[in-house]
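Look at the sequence and the structure first, then read the points below.

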Amino acid sequence: MSVISLEHVGYRYPLGREDAVHDVSFQVEQGQVCALLGANGSGKTTICNLIRGFIPRFYRGEPTGQVQLAGRPVEQYDDAELTETVGYSFQNPFTQMSGVKDNVREEIAYALENLGVEREAMAARVDAMIDLLHLDDIADANPLELSGGQRQRVAIAAVLVTDPPIVVLDEPTSQLDPQSTEDVFNIIALLKRQGKTVILVEHKIDLVARYSDLVILMEGGRVAMSGPARRVLTDPQVLDHGGQLPEVTRFFLERNKKLGLNDPVPLSVEDAIKRYGRKGA
Amino acid sequence: MAYLELDKVGYTYPNGYQALREVSLSCELGEAVAIIGRNGAGKTTMVKLMNGLLKPTHGRVMVDGTSTDQEDAAHVAAKVGYVFQNPDDQIFQDSIRREIAYGLVKKHVARDRIGGRVAWAAEVCGLGDSLDSHPYDLPFSQRKFVTIASALVMDPQVLILDEPTAGQDRAATDLLAGIIQQVTAMGKTVITISHDMEFVTRHFQRGIVMADRQILMDGPIARIFRDDDLLEQAHLARPYLAQLAQAWGFHDVLTSEDFMAALPQTSLLTNQ
């Protein structure tokens, strides 16, 4: 049974002139990292909102088709169940903070308070998150005074602290420098090892190629391409649908074309070294 | 004297936090300069000092021969436009047209001249078709272009873009590259903070590397990405393709064009 399943899902925002998503179907199995790719406005965030149940609980309107989590339609979940099942980090890190907490430690603990977790267990879990996301030096800072990159890391901590089986990360690294971005991807790899299922919206395609199992490429609200990361992200058609290819992949595709070769097309630096050896030349 | 000069500039916030130690640099008109470095390295503080949003607590910032200390922020901002990291910090009008026109209206520019300038700035920023939309009808990443147009319309000599590549898709990244090219071709200077190393190597010749609230290096991008010690100190990495080239012993390769020329023109498999 798939952890996440969308069957012919369509949805239009109440004041929208056209469908934000149309006839979207895909399944994600437990422990998979599934990347949602595509140009801005192609429907990625709408899919995240459908999986989290924000559509239609917060954004009104009537979705068609069916979204199931662990084999159960998402509309049968009550609010608390959804909160515990799906952790969600929002796209815009500037609006992520609750605005009601005075420091980062309390911000991270906020969801645990709402779930009624005991004080001691709460402190331990918050400390673990501060450690995991390297937040020690800002643990006592006011969340509203943080930089975009700092907020983004606090937001991820606030999501992971409740230990949800499904984690939705909508552009979690957009404000982060290369090092912190790598850190977030290492955390995604860790979540995968813990058996969690991850939905990831991300433009940094080189890292997506290295860390995802499955990719769904959206275009104009529809699924343009989908399948294992290796298959989709080495296919030049991705570019025709507003998607991006990893830098190394793009290079080998161009080189093959220019020289009339059929050399293997790697997905990343590591992959190229694996295929061609330490010294390709 | 260069158009923009920072002479031993430092900044300490009123609460005592020293956000910038001591930096010196100069920029001529028509240059494209990339500022790179990890979060918290002092990049945003430095550019805010360039446009008068912050005044140095020591040293001085000279714009077109005048110290920013001696002018009010609005005068400096007319010469050096700054596009914030978060577009929502500056957007407040109810249509994109009005948002872009706001600065001109406030400056009492003649009504009949406003329309043309707004249309031009919108066109450059890919917003020609959405002038009548509400800014918040656009996704977050596209609102950034509204703020770039709002800065550009004021015709500053220097345009500062704070992390414009954050969260952008391919089309938007290409659009940004086009904006930088057009603006520098007009003889203006563009200073861009970015974490996207491929973008930086493709579109800039000069780079300023910052770490721990000071400048580590100010020089050609090609030299910056050849310097392992510098990259490590600044917590930066080469673009991915350059990493592969490095692993294969091509130390001077930075772009795909370089790499294409450096590799043998036959299958790499037969060479093993």
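A:Asp271 has 5% relative accessibility and therefore counts as buried (buried means under 20% relative accessible area, exposed over 50%, partly exposed in between, with a 1.4 Å probe and protein chains only). Its side chain meets that of A:Arg230 in a salt bridge, 3.1 Å from N to O (a salt bridge is a side-chain nitrogen of Lys or Arg within 4 Å of a carboxyl oxygen of Asp or Glu). This is a predicted model, in which local features need pLDDT of at least 70, side-chain atom pairs count only at pLDDT 80 or more, and totals for chains, interfaces and linings use all residues. Residues are numbered from 1 along each chain as its sequence is written, chains are lettered from A and ligands numbered from 1 in the order in which they are written, and side-chain values use heavy atoms, with hydrogens and water left out.

**Salt bridges in chain A**

- A:Arg230, the partner of A:Asp271, counts as partly exposed because its relative accessibility is 36%.
- The pair links distant parts of the chain, with A:Asp271 in helix H12 and A:Arg230 in helix H9 (residues 229-232) of chain A, 41 residues apart (helices, H or I of at least four residues, and strands, E of at least two, are DSSP runs numbered from the N terminus).
- A:Arg210 forms a salt bridge with A:Glu270, with the closest N and O atoms 3.8 Å apart.
- A:Arg210 lies in helix H8 and A:Glu270 in helix H12 (residues 269-276) of chain A, so this pair ties together parts that are 60 residues apart in sequence.
- A:Asp213 forms a salt bridge with A:Lys192, with 2.9 Å between the closest N and O atoms.
- A:Asp213 is in the loop between helix H8 (205-211) and strand E9 (214-219) of chain A, and A:Lys192 is in helix H7 (residues 178-193) of chain A, so the pair ties together parts 21 residues apart in sequence.

**Where chain B meets chain A**

- In this model, 41 residues of chain B are in contact with 44 residues of chain A (contact means heavy atoms within 4.5 Å).
- The two chains bury about 3800 Å² between them, 57% of it on carbon and sulfur atoms (buried area is the accessible area, with a 1.4 Å probe, that two parts lose on being put together, summed over both).
- The count between chain B and chain A is one salt bridge, and B:Glu198 and A:Arg250 meet in a salt bridge of 2.5 Å, N to O.
- H10(B) gives five residues, the largest share of the side of chain B that touches chain A.

**Chain B and B:His195**

- Chain B has eleven helices and ten strands, and 55% of its 272 residues count as buried.
- Helix H1 (residues 43-50) of chain B is largely enclosed by the rest of the structure, because six of its eight residues are buried.
- Just after H1(B), B:Gly52 takes a positive phi of about 85°.
- B:His195 is in the loop between strand E8 (189-193) and H7 of chain B, and it counts as buried because its relative accessibility is 12%.
- Leaving aside neighbours within four places in sequence, B:His195 is in contact with residues including A:Asp177, A:Pro178, B:Lys43 and B:Glu163.
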